[in-house]
Amino acid sequence: NFPFLKEGEWKTTKHARRKSAGTESQLGLQISDRWKWSGALWLQQTDRQIPAALYQGRSEAVQLDKSLRTSQNLEYEKNNTRIKGGYGFSSEFLRFVDPVAEIHSESTVKQHFAWLNWDHKRRKLRLYTRAWANRASAETRNYSRSAILMRMALQQGLDIELSPRLALSLSNRSERYRYAPSGREGLAFQPSATLSFVHPRAGRLSSGFHRKMRLPCRNDLFLNPGGNPNLKPEKGWNAELHWEKSLLNHGAFVWQAETKGYLSEIDDYILWLPRGWMWSPENTGPVSIRGLEAGNSLEWKQGKLSIRLKNQVHFCQSQNSRPRFEGDAAAGKQMPYVPVFQAGNQLESQHKSTLLLFWHQFTGRRAADVAGIQNLPAFHQFNIRAETGMAAGKHCRILFFAECRNMAAAQYQMMPGFPMPGRQFQAGIQTEYH
């Protein structure tokens with residue numbers, strides 16, 4: 001439970017309990033000098049109560065998630081050639097019950113996936129091939145076993161060193177997809193090219209152009225309630241220009257800076273929007289995205305003591321580029337929940353195994369609907385963390401940590417009507433045995 005400010009009065013949300021338990025296991029086996037096998041198993045169950053929105057009087061909604069994921073890999077390496085293949089399976093169960101809204105839904109999504117990678121290096125040339133296949137099926141009260149997503153893809157590429165300062169990367173990804181019950185299917189080609197140049201004084205400059213296609217994910221299609229099996233894939237292109245350089249490397253000081261600009265045009269952009277009592281994804285039309293990121297890092301190191309200062313700013317203009325229909329109010333407006341401006345600062349001090357970290361995040365104003373009528377205000381977050389470690393015998397190490405997030409107890413929302421937690425404290429002990 002946490003407090004929030006509503007109409008000038010402090011109130012407290014209810015039904016915000018969450019309980020989660022799980023385990024993750026990994027095993028690796030070196031079969032021979034050239035062969036290696038590895039496997040992993042991941043299990044988790046989460047039981048949570050859904051907090052009421054600001055416009056709701058109460059909430060009795062509860063949600064149960066159960067997840068199982070397993071995978072295994074076989075790897076072969078000889079000289080400059082490396083081959084890696086594997087298979088995986090996942091099963092995810094979701095139950096959502098809301099007595100107030102009279103909703104009771106259950107869904108199970110099962111997924112099989114396989115992959116094969118081949119890499120070969122020869123002098124100044126690197127060749128690679130990636131192949132993978134994926135099949136996901138959903139069993140819910142709304143969909144039968146025909147709710148299926150199938151994907152097969154093949155990616156081939158090469159990295160070539162044209163000179164000691166100039167490198168070129170070329171690739172193409174071909175992907176065949178089909179999902180039901182809508183019966184939508186297609187074949188997409190996604191070529192990509194990146195050129196990079198390194199100069200001792202100017203730094204590293206790279207530019208790239210890429211065709212893009214993004215299929216709706218399992219939740220977009222199958223989530224019950226809310227999924228939309230009639231979604232179209234996102235298609236478009238992306239171009240970027242990236243510069244990075246070490247501005248100072250003298251004595252105890254290291255100063256690095258980088259800047260990145262990007263431009264994207266996306267058709268059939270997928271966005272989750274509120275529809276009555278639930279959220280559902282839609283294809284919102286053509287979207288133009290233009291952005292600029294800039295950051296730098298200054299580090300001072302003396303013996304076992306180091307102090308590092310980082311900061312970063314991000315401008316992003318993400319707008320519907322043309323009307324979807326006559327009188328479309330969303331045309332030319334910033335996309336919902338995407339801030340035009342973000343910034344962050346981080347100060348870190350470390351001496352041996354003791355770390356003190358302070359970081360600040362600013363998130364600018366965001367639109368709360370496609371027409372830009374409602375807006376979520378900007379907010380600052382200040383956080384601090386301290387940790388120290390010690391050896392406990394030859395094979396054991398203990399880490400103590402304490403953390404405070406949102407120190408100023410900022411009142412903010414990521415989505416309208418749902419306040420985020422105020423000041424939060426966390427402390428713990430972590431033990432590692434080798």
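View 1. N79 is exposed, at 70% relative accessible area. Here exposed means over 50% relative accessible area, buried under 20%, and partly exposed in between (1.4 Å probe, protein chains only). The residue sits in the loop between β5 (62-78) and β6 (81-98). Strands such as these are DSSP runs of E with at least two residues, numbered from the N terminus; helices are runs of H or I with at least four. N79 is not a glycine, yet its phi is positive, about 50°. This is a predicted model, in which local features need pLDDT of at least 70, side-chain atom pairs count only at pLDDT 80 or more, and totals for chains, interfaces and linings use all residues. Residues are numbered from 1 along each chain as its sequence is written, and side-chain values use heavy atoms, with hydrogens and water left out.

View 2. N406 is found in the loop between β24 and β25. Its phi is near 55°, a positive value in a residue other than glycine. N406 is buried, with a relative accessible area of 0%. M407 is in the loop between β24 (396-405) and β25 (413-415). M407 is partly exposed, at 31%.

**View 3. A nonpolar surface patch.** The patch is formed by L247, L248, F253, W255, L298, I307, L309, L347, L356, F358, I384 and M407. Together they have about 930 Å² of accessible area. Two or more residues come from each of β13 (234-250), β14 (253-267), β18 (305-320) and β20 (354-363). Patch residues have over 30% relative accessible area and no salt bridge; nonpolar side chains (Val, Leu, Ile, Met, Phe, Trp, Tyr) are joined within 5 Å, like charges within 9 Å. Areas come from the Shrake-Rupley method with a 1.4 Å probe, and for residues only the protein chains shown count as cover.

View 4. Rings of Phe, Tyr and Trp (its six-membered ring) pair if their centres lie within 6.5 Å; planes under 30 degrees apart count as stacked, over 60 as edge-to-face and the rest as tilted. By this rule there are nine aromatic pairs. In one of them, the ring centres of Y177 and Y179 are 6.4 Å apart and the planes stand at 25°, so the pair is stacked. Y177 and Y179 are buried. F358 and F382 also stack, because their centres are 6.4 Å apart and their planes are at 25°. F358 belongs to strand β20 and F382 to strand β23 (residues 379-391), so this pair ties together parts 24 residues apart in sequence. F358 is partly exposed at 32%, and F382 is partly exposed at 30%. F315, F341 and F362 form one aromatic cluster.

**View 5. Salt bridges.** A salt bridge is a side-chain nitrogen of Lys or Arg within 4 Å of a carboxyl oxygen of Asp or Glu. The whole structure has 18 of them. E175 and R151 meet at 2.6 Å, N to O. E175 is in strand β10 (residues 166-180) and R151 in strand β9 (residues 148-161), so placed that the pair links distant parts of the chain, 24 residues apart. E175 is buried at 0%; R151 is partly exposed at 23%. E403 bridges to R405, with the closest N and O atoms 2.6 Å apart. E403 is buried at 10%, whereas R405 is partly exposed at 37%. E299 pairs with R308 at 3.0 Å between the closest N and O atoms, and R308 is partly exposed at 21%. D119, R126, R130 and D159 are linked in a network of salt bridges.
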